[in-house]
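Look at the sequence and the fold before reading on.

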Amino acid sequence: MEKTCTEVWNSCLQIIKDNIPNQSFKTWFEPISALKLEGKVLTIQVPSLFFYEWLEEHYVGLLRKTVKKQLGDEGRLEYNIVVDKSSNTGSPYTTNMPSNGNGAEAKSQSMPIPVAINKDIKNPFIIPGLKKLNVDPQLNPNYTFDNYIEGDCNRLARSAGYAVAAKPGGTSFNPLMIYGGVGLGKTHLAQAIGNEIKRNLPDKLVIYVSCEKFCQQFVDSLKNNTINDFVNFYQAMDVIIMDDVHNFAGKEKTQDIFFHIFNHLHQSGKQIILTSDKAPKDLAGLEERLLSRFKWGLSADLQVPDLETRVAILKKKMYADGIELPGEVVEYVAHNIDNNVRELEGAMVSLLAQSTLNKKDIDLALAKQMLKNFIKNTSKEISMEYIQKLVCEYFEVPVEMVKSQTRKREIVQARQISMYLSKSHTKSSLKTIGAFFGGRDHSTVIYACQTVEDLIETDKKFKAYVNDIQKKLKMS
Ligand code: ADP
Ligand code: MG
């Protein structure tokens, strides 16, 4: 007596079950149903294209063997794929995919619709009961381009991000990979792109997800047998922003899943934005095929911002928070915290907290005392700029004057003391010092140092000035 398709498939399942881990069986085989048996061709229905790809990639040998065992050497397996009504193709259809047994590309032939199950995509961020796919992009509205200060450190990444935001999926920056050290603004920029897209194109489905969260969702979906919903959700997006992809390291199964999602989105012209703490070539623990895709588009790095950019970031932040700090405090903070924007902001926040608690205005002295804990390297190198600034403040003369040709007494005095302190407190050569203070030559510097030393010996008041300034220098 002829066996029915269900009987044949059930016998296959028996064998498969004995050959793979229980969890894999539950995830990948339980959702399959047998559809028909025509001659030696068994057709099974799988819930999505992704399922088909996964089976072909991971279980093709096992499937081929079991089908042949049941149906003889001519036994063949075909797939019938349920396509979600919410996917781009519009009306539901089924696709017939002959398995050629070696995992080659699927040949899809659209068929008249024998069976199609419409499923609503489930959102792992959970908005149950919503009919239309209405996705909260999980973006923080505070991260915008407006408050992302531009500097040499981020120009390429920022402008590429801007281009992507104007035309998601429509530039060659796909994926756009933003990389750089901690606290340099990767998350801010990536989210700014998402927010900008939502502003320009509100109907685009955008999702921001940290790599860690994605991994967790994947594990949960395995546990709850909702892997198909999980993948469908991400494959339905127009823009996916994945933060900190270095966290994929060592998580092979999640990488596999993301590889498929990536391919699907990329092929359909959807935008992928990634951030990472290292350049793609330096990422360890990631599969080669995934890494190679990360290199397809543009990798743009974020560098440590220069002093000017750091000051601008602090000012922007102060403005946003409606607070004011004396200019010299801002300069001091920006000058001394120079490797990480997050720490820069952190220092400012604790300054504010201190001043509120102590009911004291923030001045330079308080800032210095406060920031001792923030600044690891206390014996920081003193620069000529700093010396010049200090001396000019002390004598209340404009900085430009020291560099000018003027021979006014108090200016000459400030200039000579600046040169003298630069000689004793920096590693600069006489030539460099001369050049810095208004393009003078080294003999002028030697003369200045000589004069200052003489005056210290003979003029008590002068000696007190120099001591005062030196004390201030040591405090910095
Ligand atoms: P990362 O993700 O690289 O660790 P974040 O994006 O979290 O860094 O940035 C740390 C903090 O610094 C955030 O508060 C962010 O707003 C701020 N920040 C970084 N770069 C800039 C910038 N160019 N302009 C303004 N704020 C910035
Ligand atoms: Mg981040």
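The questions below take up a helix and then a ligand in this predicted model.

Q: What distance separates the end C-alpha atoms of helix α1?
A: Helix α1 covers residues 5-19, which is 15 residues. At 1.5 Å a residue, helix α1 should span 21 Å. The model agrees with that expectation: the end C-alpha atoms are 21 Å apart.

Q: How many degrees of arc do the buried residues of α1 cover around the axis?
A: The buried residues in α1 are Cys5, Val8, Trp9, Cys12, Leu13 and Ile16. They lie on the same side of α1, because their arc around the axis is only 140 degrees.

Q: Which exposed residues does α1 carry on the face turned away from its buried side?
A: The buried residues of α1 pack against α2 (22-29), β1 (33-38), β2 (41-46) and α4 (60-71). The face turned away from that buried side carries exposed residues. These are Gln14 and Asp18.

Q: Which residues come nearest to ligand 1?
A: There are 17 residues around ligand 1. Those that come nearest are Gly183, Thr187, His188, Arg342 and Glu345.

Q: What percentage of the accessible area of ligand 1 does the protein cover?
A: A nitrogen atom of ligand 1 is 2.8 Å from a polar backbone atom of Ile149. An oxygen atom of the ligand is 2.8 Å from a side-chain N or O atom of Thr187. On its own, ligand 1 has 560 Å² of accessible area, and the protein covers 91%.

Conventions. Residues are numbered from 1 along each chain as its sequence is written. Chains are lettered from A and ligands numbered from 1 in the order in which they are written. This is a predicted model: local features need pLDDT of at least 70, side-chain atom pairs count only at pLDDT 80 or more; totals for chains, interfaces and linings use all residues. Side-chain values use heavy atoms; hydrogens and water are left out. Helices (H or I, at least four residues) and strands (E, at least two) are DSSP runs, numbered from the N terminus. The expected span of a helix is 1.5 Å times one less than its number of residues. Buried means under 20% relative accessible area, exposed over 50%, partly exposed in between (1.4 Å probe, protein chains only). The arc is that of the directions from the helix axis to the C-beta atoms. Contact means heavy atoms within 4.5 Å. A residue is near a molecule or strand if one of its heavy atoms lies within 4 Å of it. A polar contact is a pair of N or O atoms within 3.5 Å; within protein, one must be able to donate a hydrogen and the other to accept it, and residues adjacent in sequence count only if both atoms are side-chain atoms. Accessible areas come from the Shrake-Rupley method with a 1.4 Å probe; for residues, only the protein chains shown count as cover.
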